[in-house]
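Here are some notes to read beside the model.

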Amino acid sequence: MNTDPCGSKLTLYFSPGACSRVALEALEETGVSYAARPIALSAGEQRQARYRALNPKGKVPLLLTDEGALSEIIAIVSWLDMRHPQAALLPQAQDAWTRAQALSWLSWSVSTLHGLVFRLRMASRIHPDPQVQSRIQTVAMSELAEQLAVAENALADGRPWLCGTSWCIADSHVCWALGRAMDSGWDSASVPHLTGLLTRHSARPAFQRALARESQPG
């Protein structure tokens, strides 16, 4: 395995296209070396005993460190931020208010947007009846429009990023959720400021490196 400047051996388990892309981007932003191990969610690899032994939750991302296994996006990026503050994944502790706002945006995207994207994309895993699935997707579309309007209104003041003039990892998760919603047919015409955020984020070198890492074979 590879080591970071703090001496920790890092391995990230991820799935291409999943929210684990945010963890990949966070690692790329820090500049540390790490091993990346793809997990094929569509093939059910997250439920296999070998992976469950590492992460009983059966989810990605999972970051293996010298200290143990760490799951959940917020925990992973918070740990990386504390070890590598120069990467500015989150606003620094001395700016307590902006840091709290960043964590608020990130928590909202993880807890609310991600759930709506799941309902939009994976309705068949919620209910076997196609008519019920269609209803689930319709409601998810409506709720996404309502929730994304919150971020759209915040960006309407001209700020380039959710917390002001500087990017943070919350922007990455919101952009991931927006992108997945758009891939599923959600019409982004009502959120021009958010689509501008997505364009700016997509041009960031760390994001491009994360995409390239996703495409590499395990």
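1. Both Trp-105 and Trp-108 are buried, where buried means under 20% relative accessible area, exposed means over 50%, and partly exposed lies in between (1.4 Å probe, protein chains only). The model is a predicted one, in which local features need pLDDT of at least 70 and side-chain atom pairs count only at pLDDT 80 or more, while totals for chains, interfaces and linings use all residues. Residues are numbered from 1 along each chain as its sequence is written, and side-chain values use heavy atoms, with hydrogens and water left out.

2. How many aromatic pairs does the count come to? The count is two. Rings of Phe, Tyr and Trp (its six-membered ring) pair if their centres lie within 6.5 Å; planes under 30 degrees apart count as stacked, over 60 as edge-to-face, and the rest as tilted. Tyr-13 and Tyr-51 make a tilted pair, with 5.6 Å from centre to centre and 55° between the planes. This pair links distant parts of the chain, since Tyr-13 is in strand 2 (residues 9–14) and Tyr-51 is in helix 2, 38 residues apart. Both Tyr-13 and Tyr-51 are buried. Trp-105 and Trp-108 form an edge-to-face pair, at 5.4 Å centre to centre and 70° between the planes. Trp-105 and Trp-108 are three residues apart in helix 4, and so about one helical turn separates them. Helices (H or I, at least four residues) and strands (E, at least two) are DSSP runs, numbered from the N terminus.

3. Two arginines sit over aromatic rings. The rule is that NZ of Lys or CZ of Arg is within 6 Å of the ring centre and within 35 degrees of the ring normal. Arg-204 lies over the face of Trp-167, at 3.9 Å from the ring centre. Arg-213 lies over the face of Tyr-34, at 4.1 Å from the ring centre.

4. Val-60 is found in the loop between helix 2 (49–54) and strand 4 (62–65). Is Val-60 buried or exposed? Val-60 is buried, because its relative accessible area is 10%. Leaving aside residues up to four places away in sequence, Val-60 touches several others, among them Tyr-13, Phe-14, Ile-39, Leu-41 and Tyr-51; contact means heavy atoms within 4.5 Å.

5. The structure has twelve salt bridges, each a side-chain nitrogen of Lys or Arg within 4 Å of a carboxyl oxygen of Asp or Glu. One of them joins the side chains of Lys-57 and Glu-72 (3.1 Å, N to O). This pair links distant parts of the chain: Lys-57 is in the loop between helix 2 and strand 4, and Glu-72 is in the loop between strand 5 (68–71) and helix 3 (73–83), 15 residues apart. Lys-57 is partly exposed, at 45% relative accessible area, and Glu-72 is partly exposed as well, at 31%.

6. Asp-157 makes a salt bridge with Arg-159, with 2.9 Å between the closest N and O atoms. Asp-157 is exposed, at 53%, whereas Arg-159 is partly exposed, at 27%. In another salt bridge, the closest N and O atoms of Arg-180 and Asp-183 are 3.7 Å apart. Arg-180 and Asp-183 are three residues apart in helix 6 (residues 169–183), so about one helical turn lies between them. Salt bridges that share partners also join Glu-25, Glu-29 and Arg-204 into one network.

7. Why is helix 1 (residues 20–30) largely enclosed by the rest of the structure? Ten of its eleven residues are buried, so helix 1 is largely enclosed. The buried residues of helix 1 pack against strand 2, strand 4, helix 3, helix 6, helix 7 (192–202) and helix 8 (205–215). Just after helix 1, Gly-31 takes a positive phi of about 85°.

8. Met-122 lies in the loop between helix 4 (96–121) and helix 5 (130–155). Met-122 is partly exposed, with a relative accessible area of 31%. Phe-118, Met-122 and Ile-126 make a nonpolar surface patch of about 230 Å². Patches are made of residues with over 30% relative accessible area and no salt bridge, with like charges joined within 9 Å and nonpolar side chains (Val, Leu, Ile, Met, Phe, Trp, Tyr) within 5 Å. Accessible areas come from the Shrake-Rupley method with a 1.4 Å probe, and for residues only the protein chains shown count as cover.
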